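Please keep the sequence and the model in view while reading.

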Amino acid sequence: MAPRLEVRNVSLKLHNKNTLQNVSLQLEPGCIASILGPSGCGKTTLLRALAGFQPVASGEIYVHERLFSKARFTLAPEKRHISMMFQDLALFPHLTVRQNICFGLKSLSESDQRARARAVLELIELEHKGEKYPHQLSSGQQQRVALARALAPKPEILLLDEPFSNLDPDLREQVATGVRKILKHENVTAILVTHDQNEAFAMADEIGVMAGGRIEQWDSAYNIYHRPKTRFVADFIGLGSMLPATVLDAHTLDTEFGRMQGHLDPSFACGEEVDLLVRPDDLPHDDSSPITALVEEKRFRGAEFLYKLRLQSGNSVLCYASSHHDHQIGEPIGIKLDIEHLVIFTRQSPLSPGDSP
Amino acid sequence: MGTRNEALVPLGFSQRFRQQKSNLGWLFFAVCTALLLSIPVVTVLYSVTLPTSDIWAHLRSTVLADYALNSLVLAVGVCLGTSLIGITTAWLCSAYSFPGRKLFSWTLLLPLAFPPYIIAYTYTGMLDFAGPVQTSLRTIFDWEYGDYWFPEIRSIVGATIMISLVLYPYVYLLLRTAFSEQSSSLREASHMFGVGSYKTLFTIILPMARPALVAGLTLVVMETLADYGTVHYFGVPTFTTGILRTWFGLGDRVAATQLASLLLLCVFAVILAERYSRKAVRYQNPAKVQKGWRYPLSGTKAIAAIVICSLPVLLGFVVPALQLGAWTLRTAPEIIDYSFLTLIINTVQLAVIVTLIIITASAVLAYGKRVGTHFSIPYTVNLSSMGYAVPGVIIAVGVLLPFAWLDNTLDAWLQQNLGISSGLILTGTLISLAFAHVVRFMAIGLNSVDASLAKIHRSIDDAAQLLGRKTFERFASIHLPMIRGGILTAALLVFVEVTKELPATLVLRPFDFNTLAVRTYELASDERLADASSSALLIVAISVLPILILNRSIIQSGVVHGAQT
């Protein structure tokens, strides 16, 4: 089957800055992807280029093998049959919920409009709120109406521009999971733009991490976390620290925790000095371990402690310990390295344990 | 006015990333509108290049210095007067609580409803020899004519007081808004350092509100320089009276236009000065505005505050309104007849035509500005709203000269080629009159519509577009219903301004076409002040409406602002 969306080498400049550089991606029908990145990385620009609000300087955008954008050609947004759920929802305040939902259905007959509106209202479980005005609804309900309005015309692609950023952080994942269920039910092809990795993990089948106008890695959530391809992705996703190591052979690393066996990126030569990515969950606390480290900082997280430890070499690492293991700052505790994926990068100046979001 | 609605809406990505092709048809309309509306100002400025006539030598040696000096004295005097009243009342109503404060906070705006010429007529009628004040004095003290001294209101001092009494609300309103946007924690901090109330006002509060004060005084100066009715009636020769005297009295249109260009340069100088002062000073309020606490006054202090706040309301609105009412009761049976009805119909007809044109053009221009990105857009919009700074007399002169030329050229061509006469198509009809008003008041419509549109977040446009609506469909189905309130307010403001406008109507009205304002002027000029009261009172009554709405919308925006911060 042909991909629903294909972006080929799209570049564009805004304010004389390269905002997108050679961005390429493909999306299968029904796939939910997430573009994840810090603010200013170009993710919103990419979304606006897909919607047709932003002309591209080079490259092409195809939907269903139909050309949507290329240099000096931009199909008007209103002709793209793409829907978008906006950060501020952008519900029309002077229209009722039903009128909002029917706004994109003007090509249908009256009765078809009514039927479709009823169907999506049912989907978002707001069957009885059709005649209300947006301001009469709670923010969660408004959120669902915005989704329903975007879904009503059965778009080729649904774009979601940080739609959950106004929600309570506790609520975000829950809402994202609910939205995912609805999107899957409707078999919608969707792209979610966000800077919140939990939101991306909860929603997406595939995740693209963006930085500096480029897609750094396009992969599953699992691989993005466990097999980051670039130092940026490793740093941006999850917590972690870099441990100096030396490549001994194609399968062996030498670290201060001893030798580690596993699959190594073959592009590194034997004897090369590298940094090994160590996630806090790779370093379980073990009182019986001969290797100890001093507690430098600690943060209580309810079910567990996040410790920042200083190793004997002077390097710092992060480690999770069950919250029963309450150690004082300055106290030595035993740890072991239990690492499954050996992710290594060319050696750089020492990286402090990331406090990335 | 400086309400900061833009601060309420977070700067979305849409604004930053907007890049769309401009619609060429719209661009054409915008440029044409801007060029058309700039005709009067361009004409007046162009007149400088024309050769000067002998009349200039005459003007220079006789009256020009008087015009300049009187205009200057009047402008400075009115600035002082409006500052005194405006600062005091705004400060009292913002910083203190006393009985009646809420009532004063909006009644202090009411004098705006009086056009300067109407309050001038009213006070003249009250204070002249046969008026109620002097008559009572004579009765009480048993004086005869010549026994006592009484100040002459028909003087430059009188004009200054009259104009100050009705223009101080500009200063009051802008300062009140500025004070309310200042954090009360600043005031408290100042008090904590042991600085007293008055010193705090002059060292902290007022310097911080300087941009608002300067903006208010700029409006005051512009209105003062534009005034014709008051100074003409009081016999104070200024630029505006001089322009019309040179035009009609001396019959020299070019010299009159050149005189107008002098006045126009003064107005531009004032505007530039205001811009400069705004650029030079950028005070920043603390991000978080601490609101609300007012120092309670009691006893003699509270009474003093009440007296200070009630004086401008009484003198600027209640007393003259009562006087007009009394006169109207006496003279209405004779005055209110068929011809009075014609006056109302004429006035409404003119106001409705002008309002419709302005609102339509404003909607097109403002929405075009929203969807287009052509580099010329800010210029076209600015050029279109320039007329508001230009006194009505100047616009009248600037309209009459080119329109008369067009009329004559057309007529001559038709007579020569077709043997028929077109007469005066433009200058003799409502067209030139309506056009002048559109030029003068376009800015009101444009600013209101623009401000309402600015409150609509750009993502609304994007959403409607993605849901399949083209540019015009979006305007009709989304923007128009959403800015209905703003458009109605704009329409009301324009309607009222057209009703009040005197000099442009006076100069450009078609033969036998009278409006309420012109009739008031004519009757007053004939010393039939009591007879002028019916039309004057009607103008004031109509003018009160937008003040009430204006006040309400400012209070509301204040509430929203407070809730957001």
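## Helices and Strands in Chain B

Helices, of at least four residues, and strands, of at least two, are runs assigned by DSSP and numbered from the N terminus. On this basis chain B has 26 helices and 2 strands. The radius of gyration of chain B is 25 Å, close to the 24 Å that the globule rule gives for 565 residues, and chain B is therefore as compact as a globular protein of that length. The model discussed here is a predicted one.

Along the principal axes, the C-alpha atoms of chain B occupy a box of roughly 85 × 85 × 50 Å. Of the 565 residues in chain B, 45% are buried. When contacts in chain B between residues at least 6 apart in sequence are considered, 85% of them join residues at least 24 apart.

## The Two Domains of Chain B

Domain 1 of chain B comprises residues 17-44 + 336-525, and domain 2 of chain B comprises residues 52-334. A distance of 28 Å lies between the C-alpha centres of these two domains. Their contact involves 20 residues from domain 1 of chain B and 24 residues from domain 2 of chain B.

Which elements of chain B each supply at least two residues of the side of domain 1 that touches domain 2? They are α3 (39-46), α19 (392-417), α24 (503-508) and α25 (516-525) of chain B. The most is given by α19(B), with 5 residues. By residue type, this side of domain 1 of chain B divides into 15 nonpolar, 4 polar and 1 charged.

## The Two Domains of Chain A

The domain assignment of chain A places residues 5-231 in domain 1 and residues 239-346 in domain 2. The centres of these domains, taken over C-alpha atoms, are 38 Å apart. In the contact between them, 4 residues of domain 1 of chain A meet 4 residues of domain 2 of chain A. The side of domain 1 of chain A that touches domain 2 of chain A consists of 1 nonpolar, 1 polar and 2 charged residues.

## A Buried Strand in Chain A

Strand β9 (residues 190-194) of chain A has 5 of its 5 residues buried, so this strand is largely enclosed by the rest of the structure. Ala190(A), Leu192(A) and Thr194(A) point one way from β9(A), while Ile191(A) and Val193(A) point the other way, and all are buried.

Two strands of chain A are described here as partners of β9(A). Strand β3 (residues 32-36) of chain A runs parallel to β9(A) and is joined to it by 5 bridges; Ile35(A) stands opposite Val193(A) in this pairing. Strand β8 (residues 157-161) of chain A also runs parallel to β9(A), with 4 bridges joining them, and here Asp161(A) stands opposite Val193(A). From β8(A) the chain passes through helix α5 (residues 169-186) of chain A to β9(A), forming a right-handed β-α-β crossover.

## Where the Chains Meet

How many residues does each chain bring to the contact between chain A and chain B? Chain A contributes 23 residues and chain B contributes 18 residues. On the side of chain A that touches chain B, α1 (43-51) and β7 (82-85) of chain A each supply at least two residues. Of the elements of chain A, α1(A) gives the most to this side, with 4 residues. The residues on this side of chain A divide into 13 nonpolar, 6 polar and 4 charged.

Definitions and conventions: Residues are numbered from 1 along each chain as its sequence is written. Chains are lettered from A and ligands numbered from 1 in the order in which they are written. This is a predicted model: local features need pLDDT of at least 70, side-chain atom pairs count only at pLDDT 80 or more; totals for chains, interfaces and linings use all residues. Domain bounds come from an automatic or database domain assignment. Two residues are in contact if their C-beta atoms, placed from the backbone, lie within 7 Å. Ala, Val, Leu, Ile, Met, Phe, Trp, Tyr, Cys and Pro count as nonpolar, Asp, Glu, Lys and Arg as charged, and the others, Gly among them, as polar. A residue is buried if 20 or more other C-beta atoms lie within 10 Å of its own, exposed if 12 or fewer, and partly exposed in between; C-beta atoms are placed from the backbone. Two strands pair if DSSP finds at least two bridges between them. A crossover is right-handed if, with the strands pointing away from the viewer, the path from the first strand over the helix to the second runs clockwise. The radius of gyration is taken over C-alpha atoms; the globule rule is 2.2 Å times the number of residues to the power 0.38.
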